[in-house]
2 protein chains.
Amino acid sequence: MTLEARLAAARAGDARATARLLTIVENDEPEAAAILRATYPQAGRALVVGVTGPPGGGKSTLVSRLVTAYRTRQARVAVVAVDPSSPFTGGAILGDRIRMRDQFLDEGVFIRSMASRGASGGLARASGRVVGVLDALGHEVVLVETVGVGQEEVEVMRVAGTVCLVTVPGLGDDIQAIKAGVLEIADVLVVNKADKPGADEAARDLQMMLTLARPRAGAWRPPIVRTTATSGEGVAELVEAVAAHAAWSAESGDGLRRRREAARVEVETLLREALLRRLEGRVGRERLGDAVARVAERQIDPFAAVEELLGG
Amino acid sequence: MTLEARLAAARAGDARATARLLTIVENDEPEAAAILRATYPQAGRALVVGVTGPPGGGKSTLVSRLVTAYRTRQARVAVVAVDPSSPFTGGAILGDRIRMRDQFLDEGVFIRSMASRGASGGLARASGRVVGVLDALGHEVVLVETVGVGQEEVEVMRVAGTVCLVTVPGLGDDIQAIKAGVLEIADVLVVNKADKPGADEAARDLQMMLTLARPRAGAWRPPIVRTTATSGEGVAELVEAVAAHAAWSAESGDGLRRRREAARVEVETLLREALLRRLEGRVGRERLGDAVARVAERQIDPFAAVEELLGG
């Protein structure tokens, strides 16, 4: 199948064509750049919602509920489930996805799992591109889910227009570290499993942290939404909170700031790669390998190696 | 204080001078390159031991035990505790470190906490440099501890000559995902809290996974060591297992392969930065910013922006 035919099929909603396009982009196969270039102008329309938080927070069930909620109003919804804790195997955990079985049968819902690749920062970049392609292919809503609260998750979440941080009652001291870091990227705070004991305390803790953070004037103040994903309670409120943030984001210019930052990172990354390839072509792989070997043996330091290679 | 004086003081064991040098390197302050260049030739001698694994595995206590064990034989030991789950605050969790209080008072032990920075891959790079400086300053053993099992932790562990993966009995299904990913970088497998029920099953599970992994001929087969960090049981065996791996690593050439890979990553990263700076100087920040803005507005795609900037 030609690339044009595959793109047309994917735009028309063909899940297999979409999956193949995403695999090419994810693995950075030779056709990846052509796909990204062809889809780039059409992207930027979807509501991209990130869902992150510590394991055991019921995120998958919540995402499943969000899919159902958005599907009542939107033609096409996509889910990208990113798992940075699988660094090498390439196969993201599908277990949780089984729960989305019903939605797998819904042709208006496309679900993609992604695991980490070799290169650092590779997952955030690959997932950002996958989200962009899904957006360009006509998905009105793209939900991006990550498990965990590390730097990698924060990077993945940069693609989202609105980030929901999902916590649960009773995480105890463990939550402290998490909140301190990820709180800064959260636009909506969710206390899931709100029917469990401790939900009030969890919400109060979050409220206190928000108050302590003392936001700048005009900044967005993340609302706290209580949900019970298993029953669906609070999901409508969550959808509303996301919509409110998206509206604020468009009006305040914060969305544009985020898009500019994402564009800057992508352009600079591509530039660095192109420049390094040019240099390799100029000085030759052999001289580069020789410099690296001498650095490894500590005969020269890395800065000296760079000076040597750029000087010649 | 001049850089030379500070380096001399740090080499002589002055903890404040050492801490200041590391802060400069960590924050990439103007003097960072000078420090890295001055220390690079002296590094490469320390035994660098990585300790990683899921939270709640008793890693801090185990590291504390290892410090005590190495201190009976070595003059100077350093600990670098890296916390990728604190992306922005810059202050790594010191709570666990409090347990090392006794060792804080031991002048032969230097302890450093690090949290994640803005840039992706930044923490692995910064911690690698910090370890290199500590090595060059004369620490015979450098222990690098991370909490978690994501890609970031895997990257941080690349600086270690020997990586210990610490698990505990009864992690249940959660451990499956973890093991699948991080197992591939582990040189020594540790079942800590081996006095707890389920230690046999945990060791058996790991053994089975190792058997299933079917290593190539001549490859290192990670031993499984049982420890009870709280009592100190098994710590001597762990020290022995690390020494055995280090000896194999030197003999087999695997250590050299790792050092070459680390050198390649460092040289290429510096090259990319230098090349981008040169380009910025050539085309000007304004033209670069303009291209980024048009990419953000989706007027052009990132590849077109790169072609435009490199063409001019």
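Analyst: Two strands count as paired when DSSP finds at least two bridges between them. Keep that cut-off in mind for chain B. The model is predicted.

User: What makes strand E5 (residues 162–167) of chain B and strand E6 (residues 188–191) of chain B a pair?

Analyst: The bridge count does. 4 bridges join E5(B) to E6(B), and the cut-off is at least two. The two strands therefore pair. They run parallel.

User: Which residue in E6(B) does Cys164(B) stand opposite?

Analyst: Val188(B).

User: What is the strand order of the open sheet in chain B?

Analyst: The order is E3-E2-E4-E1-E5-E6-E7, with parallel pairing across its 7 strands. From one strand to the next, the twist averages 20°.

User: Why are strand E3 (109–115) and strand E7 (224–226) of chain B called edge strands?

Analyst: Each of the two pairs on one side only.

User: What holds paired strands together in general?

Analyst: Strands of a sheet pair through backbone hydrogen bonds.

User: Which strands does helix H4 (residues 59–71) of chain B lie across?

Analyst: H4(B) lies across E1 (47–52), E2 (77–83), E3, E4 (141–146) and E5 of chain B. Against E4(B), H4(B) runs at about 180°.

User: Why are helix H12 and helix H13 of chain A called roughly antiparallel?

Analyst: Set the angle against the cut-off. The axes of H12 (residues 285–296) and H13 (residues 302–311) of chain A cross at roughly 160°. Angles over 145 degrees count as roughly antiparallel. So H12(A) is roughly antiparallel to H13(A). Their axes come within 9 Å, and the crossing is right-handed.

User: How do you know what class of residues makes up the contact of H12(A) with H13(A)?

Analyst: Start with the residues. From H12(A) come Leu288(A), Ala291(A) and Val295(A). They meet Pro302(A), Ala305(A), Glu308(A) and Leu309(A) of H13(A). Leu, Ala, Val and Pro count as nonpolar, and Glu as charged. The tally is therefore 6 nonpolar, no polar and 1 charged.

User: What makes H12(B) and H13(B) roughly antiparallel?

Analyst: Helix H12 (residues 285–296) and helix H13 (residues 302–311) of chain B pack at about 160°, with axes 9 Å apart. The cut-off is over 145 degrees, so these helices are roughly antiparallel to each other. H12(B) passes H13(B) in a right-handed crossing.

User: How many charged residues are in the contact of H12(B) with H13(B)?

Analyst: There are 2, alongside 6 nonpolar and no polar residues. The residues in contact include Arg294(B) in H12(B) and Glu308(B) in H13(B). Arg and Glu both count as charged.

Definitions and conventions
Residues are numbered from 1 along each chain as its sequence is written. Chains are lettered from A and ligands numbered from 1 in the order in which they are written. This is a predicted model: local features need pLDDT of at least 70, side-chain atom pairs count only at pLDDT 80 or more; totals for chains, interfaces and linings use all residues. Axes are lines fitted to C-alpha atoms, for helices over the stretch in contact, and angles run from 0 to 180 degrees between N-to-C directions. Angles under 35 degrees count as roughly parallel, over 145 as roughly antiparallel, 65 to 115 as roughly perpendicular and the rest as oblique. A crossing is left-handed if the near helix is turned anticlockwise from the far one by less than a right angle, and right-handed if clockwise. Two residues are in contact if their C-beta atoms, placed from the backbone, lie within 7 Å.
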